[in-house]
Structure formats: C-alpha cells, structure tokens
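Here's a quick briefing to read alongside the structure. Have the model open and follow along topic by topic.

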Amino acid sequence: MLYTNHLLVSNAIALPIMAQTNTLNLTNVLLLNLGVLLPDIDEPHSVIGQRTLGLSNIIKAVFGHRGLTHTIFFPLALFFISALLTVKFDALTLSYCLAFGATLHILEDSFSKNGVYWLKPLSKFKYQIPLYTTGGVVEKTLGVGAILFIYYCYSQGKLTTVPDPFLNPAKLSQWLTAIFPH
Ligand SMILES: [Zn+2]
C-alpha cells in the first residue's frame, strides 16, 4: 500500500477509536501516524526510508522488505522501547498510539496480494486476504473512502478531541522559558 493510503486508511480506523477512548489529541495523532509510516523503514525508497540516512538500506539488507518490521514483533518492540524512553513522563498512551499505528500498517498490508508473515521467523504462516494490488484501483478507492469516512465522522461531531498535555500553548511557553530563561 502506498504511504498516503496507509495514512488515510489508518486514520479512518483510528480517529473514531481514539475519540471513543478520550485519547484524540495532536500528540497522539502524530505518534499514530509515525507508527503507520515506520514499518516501511525496510524499504529505502519509502517516505520514511528516504529520511533515515541509510538505516533502511541496512534493515532491508539484513531482514528484507516486509521482513522483521512487518511482523507483530515490530509494534511490540516499538511499544516497549518507547514506554521505557518515556517512563518518566507518565505517557503510556503515546506508546499505545505508536504501536497501534504500526499494527494498522501491517494489518493493511495483509490485505495486499503480497501478504505479510506476521510471526516471522517463528512461523512461515502468511496472513493474507488478497483484496488489492499495491497502487491499484482498489487501493485508491480505499483511500478516497477513508477521506469521506473521516469527513463524515467529523461532520457528525464524532471526533471530539481531549486537551493535549504536551503540544499546547501553555506547555510551549513553559518550554520556551525553560530554554530561554529571562
Ligand atoms: Zn508495508
């Protein structure tokens, strides 16, 4: 799936869930979208691969495309690593959003004709319900459907946001005074 469609479809699934669970705010949405992009770090030409200064070449050489970053272990690793890094900030929701984004990516790839080995290298079982070819008309239709669905949810008032503890004007001025004390 192309990254734009990954982003659109993932947001169409995740935003209503985040609204229902009172976690819809800018920071969480950014983390979700980062999670959606990260699995394709094993593809040097992907939007994330082009921005990681050769790291994606190494990952692709070692694990291959749709290798380790397209297994269930990748979102799990993202969850635990980010949870450890942010343990001081009481911000487990960030880790949930990051891991959720990556899980959605792998789930969406599972519906492509290539499929995904969710449990590699433990099992050669390939999870695959072939619905679309990458870049094909079905995939594009899904992307457009996702936009319409997000707009529908928004227009029905179903995307209620909650205050953002990290990215908000008050926090910003606190950080600025911390960086540039008077
Ligand atoms: Zn992928």
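**Annotated stretches and the core**

UniProt, in an unreviewed entry, lists residues 67-85 and 129-152 as "transmembrane region". Keep in mind that what you're looking at is a predicted model. Below is a rundown of those stretches, then the core, then one cysteine.

**The two listed stretches**
- Residues 67-85 come out as 68% helix and 0% strand, and the C-alpha atoms at the two ends sit 25 Å apart.
- For residues 129-152, the chain is 67% helix and 0% strand, with 27 Å between the end C-alpha atoms.

**The largest nonpolar core**
- This core has 30 residues, and those touching the most other members are Leu-32, Leu-78, Cys-97, Leu-98, Ala-99, Phe-100 and Ala-102.
- Two or more residues each come from α1 (3-20), α2 (26-37), α4 (73-85) and α5 (92-110).
- The top contributor is α5, which puts in nine residues.

**A closer look at Cys-97**
- You'll find Cys-97 in helix α5.
- Is Cys-97 buried or exposed? Cys-97 counts as buried because 26 other C-beta atoms lie within 10 Å, and the cut-off for buried is 20 or more.
- Which residues does Cys-97 touch, once you skip those up to four places away in sequence? They are Asn-28, Leu-31, Leu-32 and Gly-35.
- Phe-79 is 18 residues from Cys-97 along the chain, and their C-alpha atoms are 8.7 Å apart.

Terms used
Residues are numbered from 1 along each chain as its sequence is written. This is a predicted model: local features need pLDDT of at least 70, side-chain atom pairs count only at pLDDT 80 or more; totals for chains, interfaces and linings use all residues. A nonpolar core is a set of buried Ala, Val, Leu, Ile, Met, Phe, Trp, Tyr and Cys residues joined through C-beta atoms within 7 Å. A residue is buried if 20 or more other C-beta atoms lie within 10 Å of its own, exposed if 12 or fewer, and partly exposed in between; C-beta atoms are placed from the backbone. Helices (H or I, at least four residues) and strands (E, at least two) are DSSP runs, numbered from the N terminus. Two residues are in contact if their C-beta atoms, placed from the backbone, lie within 7 Å. UniProt positions are given in the numbering used here, feature names are shortened, and annotations may be inferred rather than shown by experiment.
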